[in-house]
Amino acid sequence: MINRRTLLAGAGLAAGALPRFAIGQADNRPSITVAVQKISNTNTLEPLREQSNVGERVLLTSIWEGLLGRDYSRQLQTIPVLATEVRRISDSIVEVKLREGVRFHNGDELTAEDVAASFGNDRMFGPQGPNSSGTIRVGEVNPARAGRELPIEVPAVANRSFPGFERIEVVDKYTLRWVNRTPDVTLEGRMARYGAEIHSRRGFAEAATWLDWGRKPVTTGPYMVAEFRPDTSLTLVAHDSYWAGRPPLKQLRFVEVPEVASRINGLLSGEYHFACDIPPDQITGIERNRAFEVQGGTIPNHRLTVFDKTHAVLRNPLVRRAFTHAIDRQAIVESLWAGRTTIPRGLQWEFYGEMFQADWEVPKYDVAEARRLLREAGYKGEPIPYRLLNNYYTNQTPTAQVLVEMWRAAGLNVQIEMKENWSQILERSPTRAVRDWSNSGLYSDPVSSLVNQHGPNGQQQQVGEYENAEFNQLSVELETSTDRARRRAVFRRMLEIAEREDPAYTVLHQNATFTAKRKEIRWKAAPAFAMDFRANNWGA
Amino acid sequence: MLRFLATRLLRAAVTVVLVVTFAFVVLRLSGDPAQIIMGADAPPEAVEAFRRAWGLDDPIWMQYLRYFGAIIGGDLGRSMRDGRDAIALVAERIPATLALTIPALLIKLCIGIPAGITAALHRNSPIDRAVMVLAVAGFTVPSFVLGLLLVLVFAVQLGWLPSGGQESWRHAVLPILTLGIGGAAVLARFTRSAMLEVLGQPYIRTASAKGVPWRAVVWGHALPNAAIPTVTIIGFMVGSLIAGAVVVESVFSWPGVGRLLVVAVANRDLAVVQCVLLLVAGTMVTANLVVDLLYGALDPRLRSQARGA
């Protein structure tokens, strides 16, 4: 007869036996190697320090997770990850219920205290707390915190990422409240953004130095850091207590192979299972071998041509408008990207949800209109410098050469000036006029792109390229308004100003990234830099 | 001898100061490390914070004096990328580089010198032409092309060796061959030229006319005299042990000093670049000093000149 006592005893026995059974099993999961151009620009694995696309690839989905995240199997919509419920208490307070039973790499259970520590001064804002702007000089070390000082730029990045953040209130073990000093309708989006990931409080406290922690963070992700050799390799191993199921790979190794030819050769010779950062012109060559395929495509990043409004010729918006109409974007996509990317609807993405302006378009390709605008502007063929980096972006130099010819066809005399680095590109001088850039949609709201990059505190205005009083006023409104209908109208007007009336930039195409792999590996590239090696994207 | 050494050391010190100064000026005037390290999308306030923190907002002459003063005090600074000591960063890469360049140097010596001597002794014969064709091919093909060709053949087609990385001794074979073949070709050409010049000298003819066996003429008279220009090239190769594999390390993803230098220059990580340059300059200067001393050992005329002085 089965009674409660025997059932419990049986359950206890089974619980004791299961781990032994698991340990006794042979681990037949594959170990794979991924060749990338760069693992981490800063040689750390902390998103707030490693603010780059390459960092996103290895850090997101494999190591780090946030309260909210993005759906990499679809179109990057915001989805719950470590949170199960997010509820608005007011315009400036959000209550979050945590997923129960989530384990960190060190075995600790995720609690609200870990979330508070992740958004705490020790990790994010430094001793001066959120919304401060002071800087400690390198060398001015507080002996009590030797080795644990935050890298200088981390508080600045944190303040930019979470403006108005005040504190995390711990309600109970699995409940917390995000309290902002100012109303912000984008809080949920900011919780899902790169940089808002959660770490183990104990893991952080036990690391001897910030750098030790930054190179081996203790998080909840499906893979944990086994070894990180800066500029060389990053070895991750399965975190078998992962809340969403046992990871499908025993070991995931990223190796840094700077040369594209070497990455492709290593893939073809069987050393690497994946080769990332494949230029579009190599796709055909790789796929000529039927055992291999190139996957990937658009990512949430748009390539732009940016204007310096203070340049003598570009001061007149008609000239800038002529630039925008003289570009045959489809020809660029077809010829340089083999048609494997798209022309977006301006600086926005569909995952903006209700803020997405579905009927908005980039300026129409119309050479006659461009010529008319130049005549009206009284442009007499004065040279316009175009500062260019050599293929910092995929296809950057050929795109620039094509653009210059398209602009020439419309009557614009644009002259390429090759530069070596961003500092030379951005240097203020009368010869700064046209340059390249790309903008990302960091979360599901236009504040993450249009305001963040082109608003009063964005790079374009901070380096002195652009200013528009109405645009700036609307930027503030978009950031602070809680009226959703009004925000949508404000965003529309901002697009009209920045892309049509008084162009700050013009969108060329969506960026894309390509990954080569053996065809037999069943894995799908996400519409992002992040590479998803979780169970639902392996062998399916 | 002491005066000779003192002069050379002074010259070496001036060379190192010039290298450091030149590198500082070129790197600092051609880009702002803060903007480069932080990237194109970094928030302006983060870039500004970085600049202030590392003292990049000070006048450049002040930065130079501060940097130079620190070097004199033995402090080569810290990497702006991860805050680590530049010396430690560079030191941990040196073994990886030497693991390539020392075997490659041995290949250069073992193949290049015998090949050059053989070609010279068989001047205008098919052997000479064959050796020179290979030598010309060896030093005209850039190392990145040679490296990729070797990878295509031995890694992709034959599957015998890995195409890159540093996991085992097998990973070192192709980069060592790439470095060794090019260097051997250079050495073969220099050795041949030096030998041909010596073999045309009257004292060689005299020795032969006296009935000295040809082998003895070559070993006793030709080789020592031909050694001086060859030793100069070998000295240069020894001096390049630390930084002579920049391209090859990139092609084969070998984490040595060369790759560190490429990344540091690209990021304008001044302390690391300067540290590598100091190391390279030091190695080169030391190698030159040793070569100068060897001249004296190899050439009795130089010894007597030194005594006379």
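Two residues are taken to be in contact if their C-beta atoms, placed from the backbone, lie within 7 Å. By this criterion, residues 24 or more positions apart account for 73% of the contacts in chain B with a separation of 6 or more. The structure is a predicted model, in which local features need pLDDT of at least 70, side-chain atom pairs count only at pLDDT 80 or more, and totals for chains, interfaces and linings use all residues. Residues are numbered from 1 along each chain as its sequence is written, while chains are lettered from A and ligands numbered from 1 in the order in which they are written.

Confidence was examined in chain A. The predictor's confidence in each residue is given as pLDDT, from 0 to 100. Chain A has a mean pLDDT of 89, and 92% of its residues reach 70 or more. Helices (H or I, at least four residues) and strands (E, at least two) are DSSP runs, numbered from the N terminus. Over residues 1-24 of chain A, pLDDT stays under 50, and the model has 1 contact beyond four places in sequence for them. Residues 134-144 of chain A also stay under 50, with 14 contacts beyond four places in sequence.

Chain A contains an open sheet of 10 strands with mixed pairing, in the order S8-S9-S10-S1-S11-S16-S12-S15-S13-S14. Two strands pair if DSSP finds at least two bridges between them. The edges are strand S8 (223-229) and strand S14 (414-419) of chain A, each pairing on one side only. S12(A) and strand S15 (residues 434-440) of chain A run antiparallel and are joined by 7 bridges. Leu304(A) stands opposite Trp437(A) in S15(A).

Arg303(A) is found in strand S12 (residues 292-307) of chain A. A residue is buried if 20 or more other C-beta atoms lie within 10 Å of its own, exposed if 12 or fewer, and partly exposed in between, with C-beta atoms placed from the backbone. Arg303(A) counts as buried because 23 other C-beta atoms lie within 10 Å. Beyond its neighbours within four places in sequence, Arg303(A) is in contact with Tyr393(A), Ser438(A), Leu508(A), His509(A) and Asn511(A).

Chain B has 15 helices and 0 strands. Its C-alpha atoms fill a box of roughly 85 × 60 × 30 Å along the principal axes. Of its 309 residues, 42% count as buried. An automatic or database domain assignment supplies the domain bounds. Chain B is divided into domain 1 (31-74) and domain 2 (94-267). The C-alpha centres of these two domains of chain B lie 41 Å apart.

Helix H14 (residues 270-298) of chain B has 29 residues. It reaches 41 Å from its first C-alpha to its last, close to the 42 Å expected at 1.5 Å a residue. The expected span is 1.5 Å times one less than the number of residues. Its buried residues include Leu270(B), Cys275(B), Ala281(B) and Met284(B). Among the elements that cover the buried residues of H14(B) are helix H1 (2-29) and helix H11 (214-239) of chain B.

The contact between the chains takes 41 residues from chain A and 40 residues from chain B. On the side of chain A that touches chain B, H9(A) gives the most, with 5 residues. The residues of that side divide into 15 nonpolar, 18 polar and 8 charged. Here Ala, Val, Leu, Ile, Met, Phe, Trp, Tyr, Cys and Pro count as nonpolar, Asp, Glu, Lys and Arg as charged, and the others, Gly among them, as polar.
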